[in-house]
Amino acid sequence: MAKVLMKGNEAIAEAALRAGAEGYFCYPITPQTEVAEYLSKRMPEVGGVFLQGESELAVANMLFGAASTGKRIFTTSSSPGISLMQEAISYMAGAELPAVIINIMRGGPGLGGILPAQSDYFQAVKGGGHGDYRVLVLAPSTVQEAVDLTMLSFHLADKYRNPVMLIGDGMIGQMMEAVEFPDDYQEPELPSSSEWAATGAEGREARIIKSLFLDPTGLEDNSWKLDRKYRQMIKEEVRSEKYKISKTNKVLIVAYGTMARICQTAIDELEEEGISVGLFRPISLFPFPEQEIFKEATKANIKSVLTIEMSTGQMVEDVQKVVQGKKPVEFYGRTGGIVPTPDEVKEQVRGIVSKKKTSGKSRKKT
Amino acid sequence: MAVDNKTVFDRPVALRDVVTHYCPGCTHGVIHRIVSEVLDELGLRERTCGVAPVGCSVLCYNYYNCDFMEAPHGRAPALATGFKRMRPDMIVFTYQGDGDLASIGMGEIVHAANRGEKFTTIFVNNAIYGMTGGQMAPTTLQGQVTTTCPVGRDTSMTGQPIRMAELLSALATPAYIERVAVHHPKYILQAKKAIRKAFRLQRDNKCYTLIEVLSTCPTNWGNTPGEATEWLDDNMMKYFPLGCYKDFQEDDSGS
């Protein structure tokens with residue numbers, strides 16, 4: 001179909017419907033409330049379920065119940081609301097239920113602010129809730145990519161019977177861009193949810209959807225079973241994009257989401273100054289593109305790796321781990337809703353290339 | 001001589017033929033049996049999904065013979081809401097204790113009831129936390145001794161026990177809410193009638209339904225099964241009177 005101009009939040013809502021979402025549960029929170037407003041009109045049109053719950057705590061558990069029917073369901077929220085959902089996310093991972101959770105991130109900690117941030121990386125990627133589990137995490141950098149990854153999220157949630165989290169910052173949710181929805185959306189065939197969903201015990205044994213294993217060997221077995229699934233994700237679901245990576249690069253920037261996009265502008269402008277910089281953009285944050293970053297970061301022409309985030313430094317810890325001290329990993333971050341400008345990025349790069357020796361330590365903004 | 005065998009009493013199909021973990025004198029088993037009989041009699045078992053709580057009855061899915069979900073503590077009404085909204089053709093019930101429903105899950109139960117969600121709640125009130133070993137619950141009676149109020153519940157510091165049937169009946173949304181008991185045969189018959197009515201109303205897509213069942217916990221009350229029955233009669237029945245607190249009327253506009 002032709003391109004349409006849409007706000008990120010509304011585009012995400014429409015993408016979910018195009019991917020076959022039949023249920024949406026929500027609680028208002030800035031900067032993602034437009035998803036709820038949009039779906040309060042659209043869901044009834046497509047015969048789906050729209051429900052505004054009494055809290056994010058309840059909403060996440062409604063999602064849990066709805067996921068148990070085997071139908072495609074999702075919720076959207078922003079940072080403090082996502083914190084409230086962590087209990088149910090852990091339970092859903094434990095009970096192996098597919099669900100899509102979209103976090104349009106704002107600044108924290110606490111009530112924080114309502115402007116864009118990327119400070120929920122740890123929460124999304126390292127667990128968030130209790131127990132040995134992972135969620136698959138995707139991070140779009142444009143409204144179009146938010147559409148594409150939202151649709152992909154439903155497929156991956158079903159493929160792995162696991163929660164999938166899409167994290168976009170407030171900028172992705174609030175800005176308007178031209179987007180295109182696929183005319184005939186197709187995805188690889190998956191086993192039917194009727195194999196595991198609670199659909200009533202007619203003509204079969206009763207099913208129990210649960211995460212309790214009082215016998216420690218049973219719990220350990222289940223945890224390793226889940227882990228095998230996460231290993232499969234690491235093998236099959238790494239996604240990333242490279243921008244202007246070449247043998248002339250002196251610096252490799254690693255950034256995701258909106259921040260990566262700003263870095264692209266800076267890289268274009270630095271090129272005109274004669275400074276060659278490449279960008280590595282992780283699209284999947286779990287699984288993290290470890291081998292790909294290692295390969296690019298350790299090339300002989302790279303003097304330094306620069307991680308830039310809209311946080312005080314979260315993904316940089318994974319970049320450092322991946323680079324294994326083979327190259328200095330620098331860090332630049334702004335947070336609290338302040339988005340670094342291309343000029344700030346350029347200044348950081350100039351600082352790195354003008355230095356004879358780099359410290360090898362992450363350099364935080366003070 | 002030919003014998004005309006006729007089965008007059010059997011285990012309901014909705015109840016599995018297994019030994020439960022419940023303590024002697026605990027009335028969970030009676031309540032499980034009543035719910036199972038009703039599911040059988042109304043022919044609902046094969047399209048029912050239960051929601052188990054956190055507490056003594058978390059393992060009730062091992063005893064019921066129908067599909068089940070296991071909820072986080074207190075969140076059963078939210079799971080039931082999500083499930084029932086997606087599958088309005090199915091029958092959904094939550095089975096919750098007083099710690100689960102009246103303490104940690106107070107928010108979820110009030111809002112599910114107020115939205116008029118078309119599921120049934122079996123609320124088992126035994127005035128104490130059973131699984132964790134006998135702590136004070138929101139329904140623990142004034143002066144009642146528990147491991148976290150060892151000299152008896154001091155209501156000047158902890159408030160009065162919460163009467164959930166009365167509290168939920170104050171909501172304007174139509175519902176059927178009744179309090180029953182199961183410690184004597186006559187009460188069991190009344191309880192079954194109420195539970196049957198609740199599932200019937202749900203089947204007919206009428207309203208939210210909640211049956212509060214006064215229950216015993218001899219282990220954590222520190223008495224024998226017989227004494228527990230007497231204690232329930234002498235104490236709980238006075239503070240938590242049995243009866244229908246909110247009945248569903250066909251023309252109920254919510255006033």
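In which sense, left-handed or right-handed, does H1(A) pass H6(A) in their crossing? The crossing is right-handed, meaning that the near helix is turned clockwise from the far one by less than a right angle. This is a predicted model, in which local features need pLDDT of at least 70, side-chain atom pairs count only at pLDDT 80 or more, and totals for chains, interfaces and linings use all residues. Residues are numbered from 1 along each chain as its sequence is written, while chains are lettered from A and ligands numbered from 1 in the order in which they are written. Helices (H or I, at least four residues) and strands (E, at least two) are DSSP runs, numbered from the N terminus.

**Helices H1 and H6 of chain A**

- The axes of H1 (residues 8-18) and H6 (residues 143-160) of chain A come within 8 Å and cross at roughly 30 degrees; axes are lines fitted to C-alpha atoms, for helices over the stretch in contact, and angles run from 0 to 180 degrees between N-to-C directions.
- H1(A) is therefore roughly parallel to H6(A), a term for angles under 35 degrees.
- On the H1(A) side, Gly8(A), Ala11(A), Ile12(A), Ala15(A), Ala16(A) and Arg18(A) meet residues of H6(A) that include Val143(A) and Met151(A); contact requires C-beta atoms, placed from the backbone, within 7 Å.
- The residues of this contact divide into 8 nonpolar, 2 polar and 1 charged (Ala, Val, Leu, Ile, Met, Phe, Trp, Tyr, Cys and Pro count as nonpolar, Asp, Glu, Lys and Arg as charged, and the others, Gly among them, as polar).

**The five-stranded sheet of chain A**

- An open sheet of 5 strands has the order E10-E12-E11-E14-E15 in chain A, with mixed pairing; strands pair if DSSP finds at least two bridges between them.
- E10 (240-243) and E15 (329-333) of chain A are at the edges with a single partner strand each, so one side of each has no neighbour in the sheet.
- The twist averages 20 degrees from one strand to the next.
- E11 (residues 251-254) and E14 (residues 304-309) of chain A pair in the parallel sense over 4 bridges, and Val254(A) stands opposite Thr307(A) in E14(A).
- Helix H9 (residues 257-273) of chain A lies across E10, E11, E12 (277-282) and E14 of chain A, at about 170 degrees to E12(A).

**Contact between chains A and B**

- Chain A gives 31 residues and chain B 29 residues to the contact.
- H3(A) gives the most to the side of chain A that touches chain B, with 7 residues.
- That side of chain A divides into 16 nonpolar, 8 polar and 7 charged residues.
- E9(A) runs parallel to E2 (residues 67-70) of chain B, joined by 2 bridges, with Ile209(A) opposite Met69(B).

Note on methods: Angles under 35 degrees count as roughly parallel, over 145 as roughly antiparallel, 65 to 115 as roughly perpendicular and the rest as oblique. Two residues are in contact if their C-beta atoms, placed from the backbone, lie within 7 Å.
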